[in-house]
Amino acid sequence: MSEPSSSPRISFYKGREIPLELHKVRIVQKLHLRPVERRLEAIGEAGFNTFLLTTRDIFLDMLTDSGTNAMSDQQLGSMMVADDAYAGSASFTRMQQAIADVFGMQHVLPVHQGRAAENIISQTFVEEGDVVPMNYHFTTTKAHIDVNGGKILEIFTDEALKIKSDCPFKGNLDLDKLHATIAEYGVDRIPYVRMEASTNLIGGQPFSMENMREVRRITAEHGIMLVLDVSLVGENAWFVKQREPGYADIPIREILRELASLCDVMYFSSRKVSSTRGGAIATNRIDLFNKMKDLVPLYEGFLTYGGMSVREIEAMAVGLYETTDETVISQSPSFIRHLVEELDGAGVPVITPPGGLGCHVDAKGFLPHVPQSEYPAGALAAAFFIASGVRGMERGTISSVRDENGDDILADMELLRLAMPRRVFTLSQVSYVSDRLQWLYDNRSLIGGLRFVDEPKVLRFFLGRLEPIGDWPKRLAEKFRKDFGESL
Ligand code: F0G
């Protein structure tokens with residue numbers, strides 16, 4: 001598949017495409033690369049859970065793109081002219097306008113972040129015994145549907161979980177399975193179908209416009225509501241433009257409009273759009289808006305701030321407009337593609353084709369000697385921190401749950417996610433990530449498993465503490481010291 005990596009209009013004289021940044025850096029933050037001894041100590045203090053590291057020990061923070069994207073000068077400027085008011089703030093009116101302009105949605109409920117939107121949507125619509133079919137779950141989505149007595153049903157296509165694939169749209173919903181699900185459960189037990197743009201947990205993989213259109217047709221035929229999680233919709237729209245026949249010359253803003261026009265309710269975490277808090281639910285259906293709106297003052301704040309500060313609301317509004325700018329939205333996917341292609345070429349197992357959000361390393365392929373019960377993705381995240389000072393995120397069985405017998409439900413995929421926040425890293429930093437990961441791959445036999453020593457009941461991956469099985473972290477650090485000498 002040949003995709004231009006940065007701007008569709010830039011071509012290069014020689015060799016490989018360069019993912020060229022169409023912005024310049026004007027404010028910088030100092031980073032520290034701690035010596036391997038400190039990295040080893042730090043991951044131990046963090047219970048081998050990268051969520052529990054502190055940034056003073058981290059060189060490159062690739063945990064998430066959530067709340068960590070670089071702000072533009074326009075965003076920062078807008079925060080200075082925000083309108084402080086508990087109710088009726090002009091900042092909220094600007095945010096409403098941005099959502100109307102970008103997505104064509106008229107009714108907006110502000111929330112403090114994405115999972116707050118999930119709380120309100122699932123409390124309003126999910127009842128005991130319901131099922132919610134979706135292309136794939138996100139951790140907080142599943143937790144909120146569970147809490148309300150519902151169950152998620154993932155009806156992805158056969159391509160979705162393949163590590164190596166040429167399939168341009170691994171985030172597609174399987175339409176035959178959707179028909180079968182509706183026939184099996186009946187419309188009364190399906191409050192809505194959920195589609196997630198740039199499906200996070202399977203590697204930031206997009207769905208196609210054609211698939212979304214079909215999902216819309218089928219749900220409308222049965223009178224089932226369609227909910228779209230647009231937290232990463234800009235990247236999904238970018239991939240539609242790059243990969244779907246007929247869309248190459250369509251501007252991103254039109255693709256976004258078309259995607260949004262196909263759902264009844266959309267919601268998002270604006271932590272991915274600006275580097276602040278925030279999110280929203282939006283719809284053109286006043287009946288649905290009215291069903292949800294009373295929960296906003298109960299959980300979030302008044303209907304015109306929803307738990308956000310007015311400054312955050314302003315930055316979100318500008319960030320939404322910037323999502324329609326191809327030079328902005330292409331930056332992270334083009335860096336991800338660069339890293340994925342380099343690692344793939346070096347034989348390191350990574351998810352292909354490259355998606356949005358980050359580079360996803362296949363921990364099962366990387367560590368075939370570590371059984372899933374010993375959490376290979378968590379072990380790889382810890383090992384990579386020791387080897388590089390780079391913080392990634394476990395997206396595997398630690399991020400899953402236990403069944404009623406207390407046994408781990410093994411995740412479909414064991415991934416180390418290296419998120420690529422927008423406009424934050426330079427290409428040389430990306431090259432460093434690739435270099436250290438290749439070293440780790442050559443030394444993979446040194447890496448062992450993990451086990452829990454303190455395991456929270458809900459969303460255990462956030463705060464759970466683990467320990468290594470054996471003394472492999474120490475041996476890995478010793479090998480690092482031997483190969484590289486002292487680091488900085
Ligand atoms: N939906 C998707 C697709 C997400 O990726 C996230 C968050 C949420 C909902 C929840 O939003 O964090 O603002 O409450 N994803 C972050 C991540 C946490 O690191 O992938 P939130």
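These legends describe close-up views of a predicted model.

**View 1. Val 433 sits buried in helix H17****.**
Helix H17 spans residues 427–442 and holds Val 433. The relative accessible area of Val 433 is 1%. That value makes Val 433 buried, because buried means under 20%. Contacts of Val 433 beyond its sequence neighbours are Leu 60, Met 62, Leu 339, Phe 384, Val 390 and Leu 418. Take Phe 384 from that list: 49 residues separate Phe 384 from Val 433 in sequence. In space, their C-alpha atoms are 9.4 Å apart.

**View 2. A salt bridge joins Asp 65 and Lys 272****.**
The structure holds 35 salt bridges. In this one, the side chains of Asp 65 and Lys 272 meet at 2.6 Å, N to O. Asp 65 lies in the loop between strand S1 (60–61) and helix H2 (73–79). Lys 272 lies in the loop between strand S7 (265–269) and strand S8 (279–283). The pair therefore ties together parts that are 207 residues apart in sequence. Both Asp 65 and Lys 272 are buried.

**View 3. Arg 94 and Glu 314 link two helices****.**
The two residues form a salt bridge, and the closest N and O atoms of Arg 94 and Glu 314 are 2.6 Å apart. Arg 94 belongs to helix H3 (residues 90–103), and Glu 314 to helix H12 (residues 310–323), so the bridge ties together parts that are 220 residues apart in sequence. Glu 314 is buried, with a relative accessible area of 3%.

**View 4. Helix H12 also carries Glu 322, the salt-bridge partner of Arg 423****.**
The closest N and O atoms of Glu 322 and Arg 423 are 3.3 Å apart. Glu 322 lies in helix H12, while Arg 423 lies in the loop between strand S12 (415–419) and H17. This pair therefore ties together parts that are 101 residues apart in sequence. Glu 322 counts as buried, at 13% relative accessibility. Arg 423 counts as buried too, at 17%.

**View 5. Five charged residues form one salt-bridge network****.**
The members are Arg 34, Arg 38, Glu 41, Glu 45 and Asp 57. Salt bridges that share partners join these residues.

**View 6. Asp 130 is buried without a salt bridge****.**
Asp 130 lies in the loop between helix H4 (114–125) and strand S3 (131–134). Which side chain of opposite charge is nearest to Asp 130? It is Arg 189, 5.5 Å away. A polar atom of the Asp 130 side chain does lie 2.7 Å from the backbone nitrogen of Glu 127.

**View 7. Ile 18, Leu 20 and Leu 22 form a nonpolar surface patch****.**
Together, Ile 18, Leu 20 and Leu 22 have about 230 Å² of accessible area. Leu 22 is found in the segment before helix H1 (36–45). Leu 22 is partly exposed, with a relative accessible area of 42%.

**View 8. A cis peptide bond runs from Thr 352 to Pro 353****.**
Omega for this bond is near -5°. Pro 353 lies in the loop between helix H14 (331–345) and strand S9 (358–362).

**View 9. Ser 198 has a positive phi****.**
The phi angle of Ser 198 is about 45°, although Ser 198 is not a glycine. Ser 198 lies in the loop between strand S5 (192–196) and helix H7 (209–222). Is Ser 198 buried or exposed? Ser 198 counts as buried, at 0% relative accessibility.

**View 10. Leu 459 also has a positive phi****.**
Phi of Leu 459 is near 45°, in a residue other than glycine. The loop between strand S13 (450–454) and helix H18 (460–463) holds Leu 459. Leu 459 is partly exposed, with a relative accessible area of 26%.

Definitions and conventions: Residues numbered from 1 in each chain as written. Predicted model: local features only at pLDDT ≥ 70, side-chain atom pairs only at ≥ 80, totals over all residues. Heavy atoms only, no water. Helix = DSSP H or I, 4+ residues; strand = E, 2+ residues; numbered from the N terminus. Buried < 20%, exposed > 50% of the residue type's maximum accessible area, 1.4 Å probe, protein only. Contact = heavy atoms within 4.5 Å. Salt bridge = Lys/Arg side-chain N within 4 Å of Asp/Glu carboxyl O. Polar contact = N/O pair within 3.5 Å; in protein donor to acceptor, adjacent residues only side chain to side chain. Patch = residues over 30% accessible without salt bridge, like charges linked within 9 Å, V, L, I, M, F, W, Y side chains within 5 Å. Areas by Shrake-Rupley, 256 points an atom, 1.4 Å probe, with all protein chains shown as cover. Lists of a residue's contacts leave out its neighbours within four places in sequence.
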